[in-house]
Amino acid sequence: MTSVVKSPYSSEQIAAWLRGLLTIAWADGNFDDHEQQFIASFTKEELAPSLKWESLEVITPEDLAAALGKGTPAAENFLRTAVMVAIADGTYSSSEDQVLHQFCQALGQPENIIEALRHTLEIQDHLVSAPGLSQIPPHLPLNSLREWLDGLDVQDPRVARFLCKMIPSQCPFERDVTLFGRKIVHIPPLCKINPLYEQLVGLRFRALSYLADDCGEDVTPYI
């Protein structure tokens with residue numbers, strides 16, 4: 001799964017980048033030790049086998065900033081991907097918020113980014129309590145957050161592969177509940193009321209397109 005595309009990031013930066021994304025993914029405790037080891041092994045052996053890894057354990061904000069720099073384009077693009085990974089499962093937990101806030105401070109990024117992200121919880125609660133609403137209430141900070149996230153340009157195949165794996169190809173919450181072979185209820189795709197759902201879908205599509213068009217990779221395993 002190697003690529004001849006020239007990445008603007010060094011191997012050390014990508015290793016720190018992926019460790020940072022794993023730190024976010026594991027922050028809410030939804031993965032037990034076995035699952036964490038599996039994801040770490042998969043990341044190392046399948047998504048970025050050519051990297052020289054020291055470890056795939058969680059990374060501290062200080063080590064992340066040492067690799068990506070403070071106030072750099074690399075730091076900003078990492079934070080964009082970190083936000084996407086934090087909301088990829090349809091929820092945004094307080095533990096994920098804490099890690100993101102620490103990363104944001106260490107990387108010298110505007111903290112209003114995280115403030116705007118916190119409002120997604122308020123909007124989600126509002127829509128769930130009033131399901132008849134067809135539109136999300138206007139919210140300027142959230143609109144700014146959407147524009148900021150859409151500014152992410154996928155430029156590295158290893159990061160693109162990680163995003164294609166971590167962002168589900170379809171909403172994980174939409175399903176039919178059956179009893180004795182008969183459907184008794186349909187649970188709707190709740191992630192579609194996530195105010196940043198379109199950003200998630202768009203990022204996954206850009207990552208797939210980058211791998212297929214720029215890197216010439218077979219993206220069938222991610223579809």
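Leucine 211 is buried, with a relative accessible area of 0% (buried means under 20% relative accessible area, exposed over 50%, and partly exposed in between, using a 1.4 Å probe and protein chains only). This leucine is found in helix α9; helices here are DSSP runs of H or I with at least four residues, strands are runs of E with at least two, and both are numbered from the N terminus. Keep in mind that this is a predicted model, where local features need pLDDT of at least 70, side-chain atom pairs count only at pLDDT 80 or more, and totals for chains, interfaces and linings use all residues. Residues are numbered from 1 along each chain as its sequence is written, and side-chain values use heavy atoms, with hydrogens and water left out.

**Around leucine 211**

- Leaving aside neighbours within four places in sequence, leucine 211 is in contact (heavy atoms within 4.5 Å) with Pro157, Ala160, Arg161, Cys164, Gly216, Glu217, Val219 and Tyr222.
- Take cysteine 164 from that list: leucine 211 and cysteine 164 are 47 residues apart in sequence, and their C-alpha atoms sit 9.8 Å apart in space.

**The overall picture**

- The protein has nine helices and two strands, and from the N terminus on the order is α-α-α-α-α-α-α-α-β-β-α.
- Of its 223 residues, 45% count as buried.
- Look at contacts between residues at least 6 apart in sequence, and 74% of them join residues at least 24 apart.
- The accessible surface comes to about 11,900 Å², and 52% of that belongs to carbon and sulfur atoms; the areas come from the Shrake-Rupley method with a 1.4 Å probe, and for residues only the protein chains shown count as cover.

- Helix α4 covers residues 73–87, so 15 residues in DSSP terms, and reaches 22 Å from its first C-alpha to its last, close to the 21 Å expected at 1.5 Å a residue (the expected span is 1.5 Å times one less than the number of residues).
- Because 13 of its 15 residues are buried, α4 is largely enclosed by the rest of the structure.
- The largest nonpolar core has 66 residues, and those with the most contacts inside it are Phe78, Leu100 and Leu145; α4 gives the most to this core, with 10 residues.
- A nonpolar core, by the way, is a set of buried Ala, Val, Leu, Ile, Met, Phe, Trp, Tyr and Cys residues joined through side-chain atoms within 4.5 Å.
- Beyond neighbours within four places in sequence, phenylalanine 78 is in contact with Trp17, Gly20, Leu21, Leu64, Leu68, Phe103 and Leu107.

**Salt bridges**

- The structure holds three salt bridges, each a side-chain nitrogen of Lys or Arg within 4 Å of a carboxyl oxygen of Asp or Glu.
- Glutamate 76 and arginine 80 pair up at 3.4 Å, N to O; they are four residues apart in helix α4, and so separated by about one helical turn.
- In that pair, glutamate 76 is partly exposed at 26% relative accessible area, whereas arginine 80 is buried at 10%.
- Arginine 158 and aspartate 156 meet at 2.6 Å, N to O, and both of these residues are buried.
- Arginine 161 and glutamate 217 also meet at 2.6 Å, N to O. Arginine 161 lies in helix α8 (residues 157–166) and glutamate 217 in the segment after α9 (197–214), so the pair ties together parts that are 56 residues apart in sequence.
- Arginine 161 and glutamate 217 are both buried.

**Two more spots to look at**

- Aspartate 97 is in helix α5 (residues 94–106) and counts as buried because its relative accessibility is 13%.
- Setting aside neighbours within four places in sequence, aspartate 97 is in contact with Tyr92, Ile114 and Arg118.
- Valine 5 is in the segment before α1 (11–25) and is partly exposed, with a relative accessible area of 24%.
- Leaving out neighbours within four places in sequence, valine 5 is in contact with Tyr210, Asp214 and Cys215.
- Valine 5 and glutamine 155 are 150 residues apart along the chain, yet their C-alpha atoms are separated by 8.9 Å.

- The average pLDDT (the predictor's confidence in each residue, from 0 to 100) is 79, and 75% of the residues score at least 70.
- Confidence is lowest in strand β1 (residues 175–179), at a mean of 57, and highest in helix α3 (residues 61–68), at 96.
- Over residues 130–138 the pLDDT is below 50, and beyond near neighbours in sequence this stretch has eight contacts in the model.
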